[in-house]
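User: I have a model open and would like to understand the labels that go with it. Could you walk me through them?

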Amino acid sequence: MSQPLIAARKVPVRAREARPDTAGRPELQVVVPPAVRRLRLPLPVACVLLLSLGLFGLLMTNIAIAGDAYRLTDLQVTSQGLADQQQAAQESLAASSAPQALAARAAELGMVPAPAPVHLTEDGAVGTPTAAPSPTPETPAPAAATAPDAAAGTTAPTPGASAAAAADADR
């Protein structure tokens, strides 16, 4: 320790009071700080606030999920409707591209069936081609011939059966 501190300790209290430079000043006293009432309210308020915010966040998340679920359901219904339309279009295309439908459409356009095809033989010779017969106006179209039969409730004859029936009628 230094010498001035030791000297200051050894000076009596009354000698300190009699110092001339402190004569006009009021005496200093130790002031006890007021008892601080520490509020214990902020921690519970913070916990309740945090819990409330968490619950509000969960509520908003659940609302968003429910909205997305409704939107997903609507999209699934729309998708199913579009799938049904696609299936109907594919069935319509398959029905119109069936051989019977194509033959009926060709007959409506005035086309006739091709005669026997010409083949190559093993020796490389080509067979004799024959011309297709020209359509005659008195021959009814197969679609027109089958329409009255279908309306009458009978089955329509097949092209081979009608040729056989015509051959039987000629005998």
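Analyst: Happy to. Let's start with patches: they are made of residues with over 30% relative accessible area and no salt bridge, where like charges are joined within 9 Å and nonpolar side chains (Val, Leu, Ile, Met, Phe, Trp, Tyr) within 5 Å. Accessible areas come from the Shrake-Rupley method with a 1.4 Å probe, and for residues only the protein chains shown count as cover. Please keep in mind that this is a predicted model, where local features need pLDDT of at least 70, side-chain atom pairs count only at pLDDT 80 or more, and totals for chains, interfaces and linings use all residues. Residues are numbered from 1 along each chain as its sequence is written, and side-chain values use heavy atoms, leaving out hydrogens and water.

User: Which residues form the nonpolar patch on the surface?

Analyst: Phe56, Leu59, Met60 and Ile63 do, and together they have about 390 Å² of accessible area. Phe56 lies in helix α3, residues 42-96. Helices here are DSSP runs (H or I, at least four residues), as strands are (E, at least two), numbered from the N terminus.

User: Why is Phe56 called partly exposed?

Analyst: Buried means under 20% relative accessible area and exposed means over 50%, with partly exposed in between (1.4 Å probe, protein chains only). Phe56 has 49% relative accessibility, so Phe56 counts as partly exposed.

User: How do you know which residues Pro115 touches?

Analyst: Contact means heavy atoms within 4.5 Å. Not counting residues up to four places away in sequence, Pro115 touches Thr130, Ala131 and Ala132. Pro115 is found in the loop between α4 and α5 (142-152). With a relative accessible area of 29%, Pro115 is partly exposed.

User: Where is confidence lowest and where is it highest?

Analyst: Confidence is given as pLDDT, the predictor's confidence in each residue, from 0 to 100. It is lowest in helix α6 (residues 159-170), at a mean of 46, and highest in α3, at 96. Over residues 144-171 the pLDDT is below 50, and this stretch has four contacts in the model beyond near neighbours in sequence. Where pLDDT is low, the predicted coordinates should not be read in detail.

User: What does the secondary structure of the protein come to?

Analyst: Six helices and zero strands. Of the 171 residues, 1% count as buried.

Technical notes
A salt bridge is a side-chain nitrogen of Lys or Arg within 4 Å of a carboxyl oxygen of Asp or Glu.
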